[in-house]
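Subject: Handover of a structure for your review

Dear colleague,

Please find below the structure that I am handing over to you. My findings follow directly after it.

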Amino acid sequence: MLVLNLKGGVGKSTFTVNLASKLCTAQHCVELIDSDKQVSSHSWAKEIEQIETQQLNISFRGYSDIASSVKVSKNCDFIIIDSPANFDDNHIKKYLMLADFVVVPIQPSPVDLHATLPLIEKIMVNLSLIKKNVQVGFIINRCSEGNPQVKKVRDLLDHFQQYQTLGLMTDSYLYQEPFQNKTISKISLDEPLWNNIFRWLGISIVDNKVAHLPVKLNTQIESKIQNPHHRSNISRWRTVQKKWQIKKRT
């Protein structure tokens, strides 16, 4: 899983650490690759016995070098890549080549949405070039109660019918505690979000035990992540861009 947004400060590392905690609590083997120069995720994970971690900047490696330099344990169930911010657009393809799932955290603000829409277009273009079935989902992060921007952002993201809006992540200090305490997060916030992510990944928690979901129970999510025609993807992106420009003028 690649956690991706070119904009800094959107909560990529916070999401990465808390997702890794949820997967570990569900008794999955997790490895973390931190490509961000701040190495927040790596600094946390190296203190956690249950998690393998490495610091690796994929952006500066050639395509032929990536396969030999990115090495992970065969026993890991999930590898999470915490990507850097503000890297060159040409490097997006390198990250997408490594991913089966991509999560794009977005804050519910006009500035963040405006910065993220071009990224969504770049993801669609690059996925059509590498011809790989990568599932893409959005997280609306740092949501506060009563914020009217949350619904506006979600309505715009719903235009990308081939991608899943996985849910809302609350703006809570509790999500920062793993960084401070160097422990696995045990908080019980935003359960609909985390349950939806687990279903998206094909797993679920039943009576605190991990169970694989039958394919038929995942039909709704699968219908949104089918690989549609590239032209249709770009058309939807332009529709959202026009709507956003209209909103921005008003």
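Phe15, Tyr175 and Trp194 form one aromatic cluster. The model is a predicted one, and in it the count of aromatic pairs comes to five. One of these pairs is made by Phe101 and Trp200: the ring centres are 5.0 Å apart and the planes stand at 70°, and because an angle over 60 degrees counts as edge-to-face, the pair is given that description. Phe101 belongs to strand β5 (residues 101-106) and Trp200 to helix α8, so that the pair links distant parts of the chain, 99 residues apart. Both partners fall under the 20% limit for a buried residue: Phe101 is buried at 16% relative accessibility, and Trp200 is buried at 2%.

Salt bridges

Side chains of opposite charge can pair when their charged atoms come close. The count of salt bridges here is three.

Asp112 forms a salt bridge with Lys7, and their closest N and O atoms are 3.5 Å apart. This pair links distant parts of the chain, since Asp112 is in helix α5 (residues 110-130) while Lys7 is in the loop between β1 (2-3) and α1, 105 residues apart. Are the two partners buried or partly exposed? Asp112 has a relative accessible area of 5% and is therefore buried, whereas Lys7, at 23%, counts as partly exposed.

Glu191 forms a salt bridge with Lys22, again with the closest N and O atoms 3.5 Å apart. Here too distant parts of the chain are linked: Glu191 lies in helix α8 and Lys22 in helix α1, 169 residues apart. Glu191 counts as partly exposed at 31% relative accessibility. Lys22 has a relative accessible area of 16% and is therefore buried.

The remaining salt bridge joins Lys151 and Asp155, whose closest N and O atoms are 2.8 Å apart. Both residues lie in helix α6 (residues 149-157), where they are four residues apart, about one turn of the helix. Lys151 has 57% relative accessibility and so counts as exposed, while Asp155, at 37%, counts as partly exposed.

Of the 14 residues of α1, 13 are buried, so the helix is largely enclosed by the rest of the structure.

Just after α1, Gln27 takes a positive phi of about 70°, in a residue other than glycine. Gln27 is placed in the loop between α1 and β2 (30-34). Its relative accessibility is 70%, and Gln27 therefore counts as exposed.

A further residue with positive phi is Lys182, which is not a glycine and has a value of about 55°. Lys182 is found in the loop between α7 (177-181) and α8 (191-201). With a relative accessible area of 34%, Lys182 is partly exposed.

The largest pocket

What is the volume of the largest pocket? The volume is about 460 Å³. The pocket is lined by 25 residues, of which Asp36, Lys37, Gln38, Pro84 and Ala85 are the closest to its centre. Helix α1 gives the most to this lining, with three residues. By class, the lining consists of six nonpolar, 14 polar and five charged residues.

Points to look at

Helix α1 in turn is largely enclosed by the rest of the structure, as 13 of its 14 residues are buried, and the helix gives three residues to the lining of the largest pocket.

Yours sincerely

Conventions. Residues are numbered from 1 along each chain as its sequence is written. This is a predicted model: local features need pLDDT of at least 70, side-chain atom pairs count only at pLDDT 80 or more; totals for chains, interfaces and linings use all residues. Side-chain values use heavy atoms; hydrogens and water are left out. Buried means under 20% relative accessible area, exposed over 50%, partly exposed in between (1.4 Å probe, protein chains only). Helices (H or I, at least four residues) and strands (E, at least two) are DSSP runs, numbered from the N terminus. On a 1 Å grid over the protein atoms alone, a cavity is a set of points where a 1.4 Å probe fits but cannot get out, and a pocket is an open set with protein on both sides within 12 Å along at least five of seven lines; lining residues have an atom within 4 Å of a point. Grid points are joined across faces, edges and corners, and a volume is the space filled by probe spheres set on the points. Ala, Val, Leu, Ile, Met, Phe, Trp, Tyr, Cys and Pro count as nonpolar, Asp, Glu, Lys and Arg as charged, and the others, Gly among them, as polar. A salt bridge is a side-chain nitrogen of Lys or Arg within 4 Å of a carboxyl oxygen of Asp or Glu. Rings of Phe, Tyr and Trp (its six-membered ring) pair if their centres lie within 6.5 Å; planes under 30 degrees apart count as stacked, over 60 as edge-to-face and the rest as tilted.
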